[in-house]
Amino acid sequence: MAFNIKYLPLSLIATMAASFVFCMHVAMNHPETTPGPAQSLNDYTPVIYVVAASMCMYHVFLFYQGYTAVAELQKAEKAFRDKKTKEAPDIKQIKYGVENSNVVAANRTAGNYTEQLVPFLLSLVLYS
């Protein structure tokens with residue numbers, strides 16, 4: 001059975017929606033925290049929500065990066081079958097090359113987020 005690659009981002013959207021609804025439910029039912037520095041373990045709850053949301057967003061970008069590479073490979077294979085291009089597509093050339101702007105944009109999005117995630121989370125946790 002062939003797997004339709006379009007289901008990958010749809011599963012990602014469903015997972016993110018469920019995660020968002022769960023986080024909102026937990027956040028609404030959580031007692032108030034005190035302003036200022038953390039005095040108890042309950043004061044770290046908003047930090048945990050932000051860390052969880054950051055990790056979910058990181059997975060969104062990784063899914064998008066993989067989806068884009070496979071979708072562009074399928075486009076290139078279709079163009080090759082329709083005799084629009086002379087050479088057969090190679091996943092290495094599409095995924096790691098710089099000719100395809102969609103793949104480069106997805107790679108840079110995941111890369112930039114990865115670069116900024118560590119200092120953001122580190123400073124967030126240290127400040128809390």
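**Entry 1: sorting residues**

I count Ala, Val, Leu, Ile, Met, Phe, Trp, Tyr, Cys and Pro as nonpolar, Asp, Glu, Lys and Arg as charged, and the others, Gly among them, as polar. I am working from a predicted model.

**Entry 2: the largest pocket**

I looked up the largest pocket. It holds about 240 Å³ of space. Its lining has 13 residues, and those closest to the centre are A76, P89, D90, Q93 and I94. The largest share comes from α2, with three residues. With my sorting in hand, I divided the lining of the largest pocket into five nonpolar, four polar and four charged residues.

**Entry 3: salt bridges**

Next I turned to charged pairs. Side chains of opposite charge can pair when their charged atoms come close. How many salt bridges are there? I get a count of three.

**Entry 4: E72 and K75**

I started with the salt bridge between E72 and K75. The closest N and O atoms are 3.2 Å apart. Both residues belong to helix α2, which covers residues 45-81. They sit three residues apart, about one turn of the helix.

Is E72 buried or exposed? Its relative accessible area is 11%. Buried means under 20%, so I note E72 as buried.

Where does N100 lie? I found N100 in the loop between α3 (91-96) and α4 (101-127). The relative accessible area of N100 is 18%, so N100 is buried too.

**Entry 5: K78 and D82**

I moved on to the salt bridge between K78 and D82. Here the closest N and O atoms are 3.1 Å apart. K78 has a relative accessible area of 46%, so I call K78 partly exposed. D82 comes out at 39%, which also makes D82 partly exposed.

**Entry 6: R108 and E115**

My last pair was R108 and E115. Their side chains meet in a salt bridge at 3.8 Å, N to O. I checked R108 and got 40% relative accessibility, which is partly exposed. For E115 the relative accessible area is 48%. Exposed means over 50%, so E115 stays partly exposed.

Methods: Residues numbered from 1 in each chain as written. Predicted model: local features only at pLDDT ≥ 70, side-chain atom pairs only at ≥ 80, totals over all residues. Heavy atoms only, no water. Salt bridge = Lys/Arg side-chain N within 4 Å of Asp/Glu carboxyl O. Helix = DSSP H or I, 4+ residues; strand = E, 2+ residues; numbered from the N terminus. Buried < 20%, exposed > 50% of the residue type's maximum accessible area, 1.4 Å probe, protein only. 1 Å grid on protein atoms, 1.4 Å probe; cavity = no way out; pocket = protein on both sides within 12 Å on 5 of 7 lines; lining within 4 Å. Points joined across faces, edges and corners; volume = space filled by probe spheres on them.
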